[in-house]
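Work through the exercises below with the structure open beside you. Try each task before reading its solution.

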Amino acid sequence: MLFNEINPFVRYARYLNLTENSFFNEVVPLDARLFYTLRGNGKIKIKNTEYEMSPGSLLIINSGIPYNILIPENTVSYIAINFDYTQKASSIT
């Protein structure tokens, strides 16, 4: 894909508020994922590497890459967006 071919399709966007009582399994997404940390400190694990997510942190995970949102010691808030880099699969929900 060339840079000028990028025309993102946002499939889903949400606020994600996690506490020590939250639970997530490992996910292998069919689309790309973007996480932006609003408040608190969290961690996202990708292929055995843990990424610290402090306020203002941004993480993009490409499709097909396994990841897991680790449960925080305190509350952490993310903006989470599922997207494709093009409009080619925009008919898929």
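The exercises cover salt bridges, the nonpolar core, backbone angles and a surface patch.

The model is predicted, and local features need pLDDT of at least 70, side-chain atom pairs count only at pLDDT 80 or more, and totals for chains, interfaces and linings use all residues. Residues are numbered from 1 along each chain as its sequence is written, and side-chain values use heavy atoms, with hydrogens and water left out.

**Exercise 1. Salt bridges**

Find the salt-bridge partners of Asp31 and state whether Asp31 is buried or exposed.

Solution. Step 1: apply the rule, which asks for a side-chain nitrogen of Lys or Arg within 4 Å of a carboxyl oxygen of Asp or Glu. This rule gives a count of 5 salt bridges.

Step 1: look at Arg11, which forms a salt bridge with Asp31, with 3.2 Å between the closest N and O atoms. This pair links distant parts of the chain, as Arg11 is in strand E1 and Asp31 is in the loop between E1 and strand E2 (32-39), 20 residues apart. Strands (E, at least two residues) are DSSP runs, numbered from the N terminus.

Step 2: Arg33 also meets Asp31 in a salt bridge, at 2.8 Å from N to O.

Step 3: classify by relative accessible area, where buried means under 20%, exposed over 50% and partly exposed in between (1.4 Å probe, protein chains only). Asp31 has 5%, so Asp31 is buried. Arg33 is buried as well, whereas Arg11, at 22%, is partly exposed.

Step 4: turn to Lys43 and Glu52, whose side chains meet in a salt bridge of 3.7 Å, N to O. Lys43 is partly exposed because its relative accessibility is 32%, and Glu52 is exposed because its value is 57%. Elsewhere, salt bridges that share partners join Arg11, Asp31, Arg33 and Asp84 into one network.

**Exercise 2. The nonpolar core**

Which residues of the largest nonpolar core touch the most other members?

Solution. Step 1: define the core as a set of buried Ala, Val, Leu, Ile, Met, Phe, Trp, Tyr and Cys residues joined through side-chain atoms within 4.5 Å.

Step 1: among its 13 residues, those touching the most other members are Leu16, Phe35, Ile44, Ile61, Tyr67, Ile69 and Tyr78. At least two core residues come from each of strand E1 (9-18), strand E3 (42-46), E5, strand E6 (67-70) and strand E7 (76-84). E7 gives the most, with 3 residues.

Step 2: list the contacts of Ile69 (heavy atoms within 4.5 Å). Leaving out residues up to four places away in sequence, Ile69 touches Leu16, Leu18, Phe24, Phe35, Lys43, Ile44 and Tyr78.

**Exercise 3. Positive phi**

Where do Lys47 and Asn48 lie?

Solution. Step 1: recall that most residues other than glycine have a negative phi.

Step 1: read the angles. Phi of Lys47 is near 45°, and Asn48 has a phi of about 70°.

Step 2: Asn48 lies in the loop between E3 and E4.

Step 3: check exposure. Lys47 is exposed because its relative accessibility is 57%, and Asn48 is exposed because its value is 70%.

**Exercise 4. A surface patch**

Which residues make a nonpolar surface patch of about 270 Å²?

Solution. Step 1: take residues with over 30% relative accessible area and no salt bridge; like charges are joined within 9 Å and nonpolar side chains (Val, Leu, Ile, Met, Phe, Trp, Tyr) within 5 Å. Areas come from the Shrake-Rupley method with a 1.4 Å probe, and for residues only the protein chains shown count as cover.

Step 1: the patch is made by Tyr36, Leu58 and Ile60.

Step 2: Ile60 is found in strand E5 (residues 58-61). Ile60 is partly exposed because its relative accessible area is 43%.

How values were computed: Helices (H or I, at least four residues) and strands (E, at least two) are DSSP runs, numbered from the N terminus. Contact means heavy atoms within 4.5 Å.
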